[in-house]
Amino acid sequence: MLHLYDTAAQEVRPLAMRDAGSISIYLCGPTVYGPPHIGHGRATLVYDILCRYLEWTGLTVRLVSNITDIDDKIIERAHRESRPWGEIATKCENIWFDAMGRLGVQRPNDVPHATEYVDSMVSMIGELVAKDSAYTTDDGVYLSIEKVPDYGLLAHQNIDDMLAGGGDRVVFGADQKRHPADFVLWKFSKPGEPAWPSPWGEGRPGWHSECVVMSLDLLGEGFDLHCGGADLRFPHHENERAQAVALGKKFANHWMHNGFVVDIEGEKMSKSLGNVSNLLDLLDQYDARAYRLLLLQTHYRSPVRVGKENLDASVSALSGLDGFVARSAANSGGVADAEVLTKFRIAMNNDLDTPAATALIFDSVRQANVAIDDNQADVVIALRSAILEMTSALGLFLNESQEIDAEISAKAAALDAARTAKDFSAADALRDELQSLGYVVETTKEGTRVRRG
Ligand SMILES: [Zn+2]
């Protein structure tokens, strides 16, 4: 059974399942106002690895990941560029899913959009107001955190300490709030801003109200796992949870957060530091599998530096893996080495110890290469089969240089052409078509690579 570190409990504990055999996961999705950065790539890859592994163990995974398609940042960009806000959101969402496809990240089972849930958010805020857990000011409706007895559970700080430290100005802005940490559920709109009707006045939902409504609607109370980057722990996840608690609803049973991507000096990469690296640039320069491998070699809770040196090292490690698979092609099929797979499960079940799992893969390749030289076909077959099982369980698909027929190659070339022309809907349609024909579509430095799944 998978054991994971739970941010709320502050310990590694079994990932319990509400419904036997299936697992419900909510991952906070992007606010679509700009290109995805390398940190977004990390978050989606970590949870793609988690979901693929859980599926490999035989569980049914239901992953819900939203799109925040209404937000101050989208509105600011629309004003700055004199464009409709909806156009920016749609375009950025297409770029997002194109990048995720290139990374080999499986599409979530559900992708709710915040704008489709505004009525439900208004009803939820109405319930909170009726319970006296929320109140109205001149600029919106706020949640009263004093109505949430264990507020601070994810932040692991008491509120007075957080306030003494100064903290986040957005969260602690004063005005007419009853408590400085109260947060906005509904923002009244200013002239020219997108607006929806509500009993309190026209406006739009606050970010924290979006995820709580969408996760509870699609996954139901007491869903298994809520995850996201460590930067979402507080205030976003704390505030999502606070609303559920104030409503008297059971929220996520387990909380998982991945570590930051840091630059060479070890500082967190963020837009405010001006050192954001665009994920699309990485994907243009490298085989997307190199980023996945780099993350596999780092524990998901540790910070990771993403730079030329370690990406180049991953490319070279990948060529060793691809080379082995091609070299051992004559020994394909057969039953996987059970002992190796048991070690793999033990490593992965131990808070997703992907560095240990990856070391096991490389070690198995070394042993199999020796067995090839010694003409021990049985050993090669068992190890090769185990290696391919493990890599595919992690979404790291090795290149077996299979023959692909001309019609499929032509579709892959058309996909590249569509992407170059930035016709992302055509590119998506081609990728979907190839996948429905049973091919795995990967984006590499040299262009699209397809192979039988
Ligand atoms: Zn969220």
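Strand β1 (residues 3–6) and strand β2 (residues 11–14) pair in the antiparallel sense over 4 bridges, where I take two strands as paired if DSSP finds at least two bridges between them. Strands here are DSSP runs of E with at least two residues, helices are runs of H or I with at least four, and both are numbered from the N terminus. Between β1 and β2 I find 4 residues, and Q10 in this turn has a positive phi of about 60°.

I note that this is a predicted model, in which local features need pLDDT of at least 70 and side-chain atom pairs count only at pLDDT 80 or more, while totals for chains, interfaces and linings use all residues. Residues are numbered from 1 along each chain as its sequence is written, and side-chain values use heavy atoms, with hydrogens and water left out.

Next I looked up the zinc ion, whose protein donors are C28 (SG), C211 (SG), H236 (NE2) and E240 (OE), at 2.1 to 2.6 Å. Donors are N, O and S atoms within 2.8 Å of the metal (3.2 Å for Na, K and Ca), and since water is not among the atoms, sites may look incomplete. Along the chain the donors follow the spacing C-x182-C-x24-H-x3-E. The pair of C211 in helix α7 (residues 207–219) and E240 in helix α8 (residues 233–247) links distant parts of the chain, 29 residues apart. I checked accessibility as well: C211 is buried at a relative accessible area of 0%, and E240 is buried, also with 0%. Buried means under 20% relative accessible area, exposed over 50%, and partly exposed in between (1.4 Å probe, protein chains only).

I then turned to the open sheet, in which 4 strands follow the order β5-β6-β7-β8 with antiparallel pairing. Its edge strands, each pairing on one side only, are β5 (134–136) and β8 (203–205). Strand β7 (residues 183–188) is joined to β8 by 3 bridges, and W186 has P205 in β8 as its bridge partner.

For helix α4 (residues 118–130), I read a reach of 18 Å from the first C-alpha to the last over 13 residues, close to the 18 Å expected at 1.5 Å a residue; the expected span is 1.5 Å times one less than the number of residues. Its buried residues are V118, M121, V122, M124, I125 and L128. They cover an arc of only 165° around the axis, which puts them on the same side of α4, the arc being that of the directions from the helix axis to the C-beta atoms. The face turned away from the buried side of α4 carries the exposed residues D119 and A130.

In helix α16 (residues 424–436), I listed F424, A427, D428, L430, R431 and L434 as buried. Seen down the axis of α16, these fall within an arc of 165°, so they line one face of the helix. S425 and S436 are exposed on the other side of α16, and just after the helix G438 takes a positive phi of about 95°.
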